[in-house]
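Student: I'd like to go through this model with you, a bit at a time. Can we start with the overall picture and then turn to the side chains?

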Amino acid sequence: MMMTSLSSRYVWKVRITQIDCTADPQSVAPTGCLQYHTSLSGTIQSFNYAGGMYQSGLDYAVCIKRSVNTCRVEFQQVPGSTFGINSMEGASLEEGIGRAGEVSCDLVTHDYLHIPGGMLDIGEEIFATTGNVEVYTPTAEKFCGRSLSGLAIQEFAEKIKINDPLGAQDNITIATPVTTYASGPIIVRFHTDSVTVRERDIGFSIAYQQLGTGCNKNKIRR
């Protein structure tokens, strides 16, 4: 079934399947999840991503079922895909640059992708080479801009350290994986405010992967 709005800005392609909740309880999404992914890896997209523009006034959850023997989920912008979630800098933000944190994503504008406990994963190799169990790894939960960027978490944390979160950005925050160690199910929220602009408010296409390695989160001081 294909439906279009009168302005032709939004396109829907809807497949409807009824689920027997008694016979197949594992397929039933948790309450409040408008998307539910049960595989170890896959791709999540904002609604109307193919149409090139997300809608205003959204606040919905994309849920991922936690698989056994996994401890973290890695999110990465699909290579070659376009990413656009309005940030404080609006249309002036350079293509390919990501933002993270309250100031960039939820102070002036209020469009963001919420990933619980998102971090730029430092990897176990740092522990192996340095033996340092006091590595500072900041987290952020709100992401916006022109790419999904773990580097944006680090940049925002550095601005907070010097008490200048509104200062000029370095614009080196290119697309970089974001990792969460949050316990499952993993609930990613997409929130938008009342204003959308075509060519800027595109949405996202993100690959996720559940992993059972790199589980030394107890060694990370956040």
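**Overall picture and side-chain links**

Tutor: Of the protein's 222 residues, 45% count as buried, where buried means under 20% relative accessible area, exposed over 50% and partly exposed in between, with a 1.4 Å probe and protein chains only. This is a predicted model, where local features need pLDDT of at least 70 and side-chain atom pairs count only at pLDDT 80 or more, while totals for chains, interfaces and linings use all residues. Residues are numbered from 1 along each chain as its sequence is written, and side-chain values use heavy atoms, with hydrogens and water left out.

Student: How many helices and strands does the protein have?

Tutor: Helices (H or I, at least four residues) and strands (E, at least two) are DSSP runs, numbered from the N terminus. On that basis the secondary structure comes to 3 helices and 12 strands.

Student: What share of the contacts with a separation of 6 or more comes from residues 24 or more positions apart?

Tutor: Contact here means heavy atoms within 4.5 Å. Among contacts with a separation of 6 or more, the share from residues 24 or more positions apart is 80%.

Student: Which residue forms a disulfide with Cys-33?

Tutor: A disulfide is a pair of cysteine sulfur atoms within 2.5 Å, and the count comes to 2 disulfides. In this one the sulfur atoms are 1.9 Å apart. Cys-33 sits in strand 3 (residues 33–37), and its partner, 30 residues apart, is in strand 5 (residues 59–64). That partner is Cys-63.

Student: Is the link of Cys-33 and Cys-63 left-handed or right-handed?

Tutor: Both ends are buried, as Cys-33 has a relative accessible area of 12% and Cys-63 is at 0%. The angle about the S-S bond is -80°, and the link is left-handed.

Student: How many residues apart in sequence are the parts tied together by Cys-105 and Cys-144?

Tutor: A disulfide joins Cys-105 to Cys-144, S to S 2.1 Å. Cys-105 lies in helix 1 (residues 102–106) and Cys-144 in strand 9 (residues 139–145), so the parts they tie together are apart in sequence by 39 residues.

Student: Why do Cys-105 and Cys-144 count as buried?

Tutor: Cys-105 counts as buried because of its relative accessibility of 0%. Cys-144 is buried too, with a relative accessible area of 0%.

Student: On to the rings. What is the angle between the planes of Tyr-60 and Phe-190?

Tutor: Rings of Phe, Tyr and Trp (its six-membered ring) pair if their centres lie within 6.5 Å; planes under 30 degrees apart count as stacked, over 60 as edge-to-face and the rest as tilted. There are 4 aromatic pairs by this rule. Tyr-60 and Phe-190 form an edge-to-face one, 6.0 Å centre to centre, with the planes at 85°.

Student: Where does Phe-204 lie?

Tutor: Phe-190 and Phe-204 form an edge-to-face pair, 5.2 Å centre to centre. Phe-190 lies in strand 11, and Phe-204, 14 residues apart in sequence, lies in the loop between strand 11 and strand 12 (205–211).

Student: Which residue lies over the face of Tyr-112?

Tutor: A charge sits over a ring if NZ of Lys or CZ of Arg is within 6 Å of the ring centre and within 35 degrees of the ring normal. Here the distance from the ring centre is 4.5 Å, and the residue is Lys-142.
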